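User: Hi! Could you walk me through how the terms in this structure report are assigned?

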Amino acid sequence: MTENLIDKSLTSKNNTEAKGGADRKVTLLGLGAMGSAFARAWLSAGYEVTVWNRTPARATALTKEGARVTSSVTEAVAAGPLVVTVLLDDASVSSALDGVDLTGKDLVDLTTGTPESARARAVWAAERGVRFVDGGIMAVPPMVGIPEAGGYVFYSGSRELFDAHRDTLAVPLGTNFVGSDAGFAALHDIALLSGMYGMFAGITHAFALIRGEQDIKPTEFAPLLAGWLGAMSNMVHDTAARLESGDYTTGVASNLGMQAAGVPTFTGTAEQYGVSSELLSPVFALMQRHVAAGGGAMDTAALIDALRG
């Protein structure tokens with residue numbers, strides 16, 4: 001079950017008290033921009049951080065900041081009970097951990113991947129006597145270690161592992177445990193990012209429309225667009241309620257039939273301004289298909305089931 005509140009109370013080094021022993025040790029595999037940011041957050045909070053990176057040169061700066069750099073994954077893993085991976089992809093994780101004895105270790109994989117790859121990694125870990133948690137990072141590197149930036153990480157998998165290392169995991173970014181299914185963190189991550197990219201598509205198209213008008217300045221248009229998107233974002237709650245109830249027709253303010261009727265206006269305006277409709281065409285096509293199938297009186301929430309086939 002998803003926790004209602006994201007725990008950000010321990011993301012500041014000023015709020016992190018030293019405990020000593022194994023609780024203060026972290027092994028980090030992968031020193032790209034995100035991995036390095038995590039390492040620095042733990043170092044700033046007084047943790048003993050052991051790092052490994054396929055390209056050793058990336059670890060030089062962290063050495064100066066107190067990190068212990070190892071030449072092999074085996075040596076890094078042996079340094080403590082908690083192993084965190086922030087690598088390029090799942091194949092990189094497999095390559096890095098190939099042949100390494102992880103028995104009794106706790107593995108947290110923050111590498112971006114699919115829900116199924118996370119579930120497969122959980123099985124792989126269990127076969128080796130390893131507790132496993134997958135993570136989906138909802139932040140960019142500059143947000144790491146800065147509580148007020150609002151970044152956090154979705155975690156799923158072993159609740160026991162998460163509880164045992166919660167304080168440590170909460171140092172770089174806030175934490176949100178979303179279930180014992182190891183794939184749920186990645187699913188939440190990709191679902192939210194998918195919503196973001198859909199929003200980016202609309203923003204891109206909107207700015208493209210006004211781009212050719214010298215009398216409409218983008219900086220003056222931006223507050224209008226931001227305000228409108230903010231107001232429209234409240235529809236997610238109504239959509240969620242309709243999905244749970246299965247009622248797509250009661251109290252619909254603007255049904256699919258009405259919206260589909262307006263499609264030519266959108267595409268026509270885009271054509272007049274020399275703007276491609278390729279970012280909006282997919283949702284328009286889905287909408288028109290659903291109306292043609294008899295769903296014109298329904299709310300846009302009905303498109304979710306239509307999208308799933």
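Analyst: Happy to! The protein has 14 helices and eight strands, where helices (H or I, at least four residues) and strands (E, at least two) are DSSP runs numbered from the N terminus. This is a predicted model, so local features need pLDDT of at least 70 and side-chain atom pairs count only at pLDDT 80 or more, while totals for chains, interfaces and linings use all residues. Residues are numbered from 1 along each chain as its sequence is written, and side-chain values use heavy atoms, with hydrogens and water left out.

User: What makes Asp-238 and Arg-242 a salt bridge?

Analyst: The rule asks for a side-chain nitrogen of Lys or Arg within 4 Å of a carboxyl oxygen of Asp or Glu. The closest N and O atoms of Asp-238 and Arg-242 are 3.0 Å apart, so the pair qualifies. Both residues lie in helix α10 (residues 235-245), four residues apart, about one turn of the helix.

User: Why is Arg-242 called buried, and what is Asp-238 called?

Analyst: Buried means under 20% relative accessible area, exposed means over 50%, and partly exposed is in between (1.4 Å probe, protein chains only). Arg-242 has 7%, so Arg-242 is buried. Asp-238 has 37% and therefore counts as partly exposed. Elsewhere, salt bridges that share partners join Glu-116, Arg-119 and Asp-181 into one network.

User: How do you know that Arg-128 and Glu-127 meet in a salt bridge, and which exposure class does each have?

Analyst: Their N to O distance is 3.7 Å, which is within the cut-off, so the pair counts. Arg-128, at 36%, is partly exposed, whereas Glu-127, at 61%, is exposed.

User: What about Glu-75 and Arg-68?

Analyst: Their side chains also form a salt bridge, at 3.1 Å from N to O. Glu-75 is partly exposed at 32%, and Arg-68 is partly exposed at 38%. By this rule the protein has ten salt bridges.

User: Why can Met-199 belong to a nonpolar surface patch?

Analyst: Patches are made of residues with over 30% relative accessible area and no salt bridge; like charges are joined within 9 Å, nonpolar side chains (Val, Leu, Ile, Met, Phe, Trp, Tyr) within 5 Å. Met-199 has 38%, so Met-199 passes the area test. Together, Tyr-197, Met-199 and Phe-200 make a patch of about 320 Å², with areas from the Shrake-Rupley method and a 1.4 Å probe, only the protein chains shown counting as cover for residues. Met-199 sits in helix α8 (residues 184-210).

User: How much of the whole protein is buried?

Analyst: Buried residues make up 42% of the 309 residues.
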